Amino acid sequence: MTPAEIAPKDRLIVALDLPSVDAAEATINRLGDSVTFYKIGYRLAYAGGLPLVGKLADKGKKVFLDLKLHDIGNTVMQGVESITRLGATFLTVHAYPQTMKGAVEGRGNSSLKILAVTVLTSYNEDDLHAAGYRLGVSELVEARAQQAQVLGIDGLVSSPEEVGALRKIVGHQMHLVTPGIRPVGSATGDQKRIMTPGRAIAAGADYLVVGRPVVEAADPKAIAEAIQAEIAQALG
Ligand SMILES: O=c1ccn([C@@H]2O[C@H](COP(=O)(O)O)[C@@H](O)[C@H]2O)c(=O)[nH]1
């Protein structure tokens, strides 16, 4: 399936940033058939959440394993090789050349898709400067996208603000996945480069990652469905 063929509903990835497998399963049950794609990150993975990848896949759901790996190339390669057996659809690594090269080797011919995290959505120009980078956000995102493409990475994680420029660089061959999504009226939290769901899709994002606005809502299903409706409207 090309990114353009993804159904509006399947473009929402709900981040299960919850403290336990029980809490995650309760949220998954409340979301029911509405949500087809889940993200498991540090909080849940380190609270015993990795077996949930296979359980969700067995139920026909897709899983984005957001482990943001970064180590020497050989270690990344071996780690990714192990992760190919879990049943996830997407796995993140940080967009450093050795890391991306190792991840592509470890993924091999499996169905796992590797996403490179370009610049975290909680970073702005000052944060990058404080971390020792000379390039600004858009320059670094674009440079990393070019390296990722050459190395055979399957997709990119960026804020929706960079998606238009990224699409011009990588065309439709790579999945563009954007956290930093905030429906109108949602708290920003620690995110700095944000957009509403409709604007992110109009900018060209393939998938939107939404955590707190859904999982901390009084009615997560109603919020998820409202985001999916906004996605459908933006796709026209
Ligand atoms: O640049 C990045 C990369 C990953 N994330 C992850 O996405 C979700 C966003 O959650 P919200 O509650 O909607 O802010 C979270 O799991 C992050 O680890 C990101 O935000 N930015």
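A polar contact here is a pair of N or O atoms within 3.5 Å; inside the protein, one atom must be able to donate a hydrogen and the other to accept it, and residues adjacent in sequence count only if both atoms are side-chain atoms. Keep in mind that this is a predicted model: local features need pLDDT of at least 70 and side-chain atom pairs pLDDT 80 or more, while totals for chains, interfaces and linings use all residues. Residues are numbered from 1 along each chain as its sequence is written, and side-chain values use heavy atoms, with hydrogens and water left out.

View 1. A polar side-chain atom of T121 lies 2.7 Å from a ligand nitrogen. R182 brings a side-chain N or O atom 2.8 Å from an oxygen of the ligand, and for K68 the distance to a ligand oxygen is 3.5 Å. On its own the ligand has 460 Å² of accessible area, and the protein covers 88% of that (areas come from the Shrake-Rupley method with a 1.4 Å probe; for residues, only the protein chains shown count as cover).

**View 2. Here are the ligand's neighbours.** There are 16 residues around the ligand (a residue is near if one of its heavy atoms lies within 4 Å). D17, K39, T121, Q191 and R212 come nearest.

**View 3. F37 meets Y207, ring to ring.** The structure holds 5 aromatic pairs (Phe, Tyr or Trp rings, using the six-membered ring of Trp, with centres within 6.5 Å; planes under 30 degrees apart are stacked, over 60 edge-to-face, the rest tilted). In one of them, the ring centres of F37 and Y207 are 5.5 Å apart and the planes sit at 80 degrees, so this pair is edge-to-face. F37 belongs to strand β2 (residues 37-40) and Y207 to strand β8 (residues 207-210), so the pair links parts of the chain 170 residues apart (strands are DSSP E runs of at least two residues, and helices H or I runs of at least four, numbered from the N terminus). F37 is buried at 1% relative accessible area, and Y207 is buried too, at 4% (buried is under 20%, exposed over 50%, partly exposed in between, with a 1.4 Å probe and protein chains only). F37, F64, F90 and Y207 form one aromatic cluster.

**View 4. Two charges sit over rings.** K39 has its charged end over the ring of F64, 5.8 Å from the centre. R144 does this with Y96, at 4.7 Å (NZ of Lys or CZ of Arg must be within 6 Å of the ring centre and within 35 degrees of the ring normal).
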